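Please look over the following notes with the sequence and the model side by side. They take up charged side-chain pairs and then open space.

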Amino acid sequence: MRKLALSAVLSLSAAAYGADLRPVSDPKLIARVFPSAAKVRLVNVWATWCAPCVAEMADLRAVDDAFGTELAIIGVSLDDMIPDTKPVQVKTFLDKQKVAWPNIYYTGNPDALGDHYDFDGQIPLTILYDARGKELWRTQGTIKKDDMIAHVREIVRRTK
């Protein structure tokens with residue numbers, strides 16, 4: 001009976017996160033996932049096969065937790081670029097990482113995504129935008145939690 005109860009608790013806690021993973025093939029549609037009221041928006045381009053991307057998930061969670069509704073985050077997974085990777089694998093990863101923000105399972109042309117975000121494909125890539133889509137800050141490579149929080153805090157302060 002104890003095993004059954006523990007199993008039910010673990011299932012409920014994993015379901016509580018229920019990662020939001022949406023397939024998108026047009027990079028221009030990614031910004032539509034942000035809540036319209038979001039004043040500061042963060043896009044993080046990543047993949048489960050990218051060790052630095054996986055390593056920064058806890059820091060991104062800390063940034064998300066630090067700002068609540070003042071910051072909206074969207075992840076853009078490039079896992080579809082690897083043959084035989086399925087969205088369910090990415091969703092399982094996001095659930096295990098307790099990721100609460102929406103993620104895009106990007107299925108479009110990689111060059112179109114690179115052109116849209118002005119990057120060469122090196123991930124992770126993190127970009128901060130204002131509500132109108134103006135880029136405010138970016139970093140290519142793993143974020144540093146304290147620096148990221150400081151950048152977001154300054155941008156949030158300026159948008160008030």
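1. Glu 135 has a relative accessibility of 35% and therefore counts as partly exposed, a class lying between buried, under 20% relative accessible area, and exposed, over 50%, as found with a 1.4 Å probe on protein chains only. Its side chain meets that of Arg 138 in a salt bridge, with 2.8 Å from N to O, where the term stands for a side-chain nitrogen of Lys or Arg within 4 Å of a carboxyl oxygen of Asp or Glu. Arg 138 is likewise partly exposed, because its relative accessible area is 27%.

2. The model is predicted, so that local features need pLDDT of at least 70 and side-chain atom pairs count only at pLDDT 80 or more, whereas totals for chains, interfaces and linings use all residues. Residues are numbered from 1 along each chain as its sequence is written, and side-chain values use heavy atoms, with hydrogens and water left out.

3. How many salt bridges does the rule give? The count comes to 4, and one of them joins Glu 154 to Arg 157, whose closest N and O atoms are 2.4 Å apart. Both residues belong to helix H5, 3 residues apart, or about one turn of the helix; helices here are DSSP runs of H or I with at least four residues, strands are runs of E with at least two, and both are numbered from the N terminus. Glu 154 is partly exposed at 32% relative accessible area, whereas Arg 157, at 52%, is exposed.

4. A further salt bridge links the side chains of Lys 91 and Asp 95, at 3.5 Å from N to O. These two residues both lie in helix H3 (residues 87-96), 4 residues apart, which is about one turn of the helix. Lys 91 counts as partly exposed because its relative accessibility is 30%.

5. The largest pocket holds about 280 Å³ of space, a pocket being an open set of points on a 1 Å grid over the protein atoms alone, where a 1.4 Å probe fits, with protein on both sides within 12 Å along at least five of seven lines. Its lining, meaning residues with an atom within 4 Å of a point, comprises 20 residues, and those nearest the centre are Ala 38, Thr 69, Glu 70, Leu 71 and Ala 72. Strand E3 (71-77) and helix H5 (145-159) are the elements that give two or more residues to this lining, and E3 gives the most, with 4 residues.

Conventions: Points joined across faces, edges and corners; volume = space filled by probe spheres on them.
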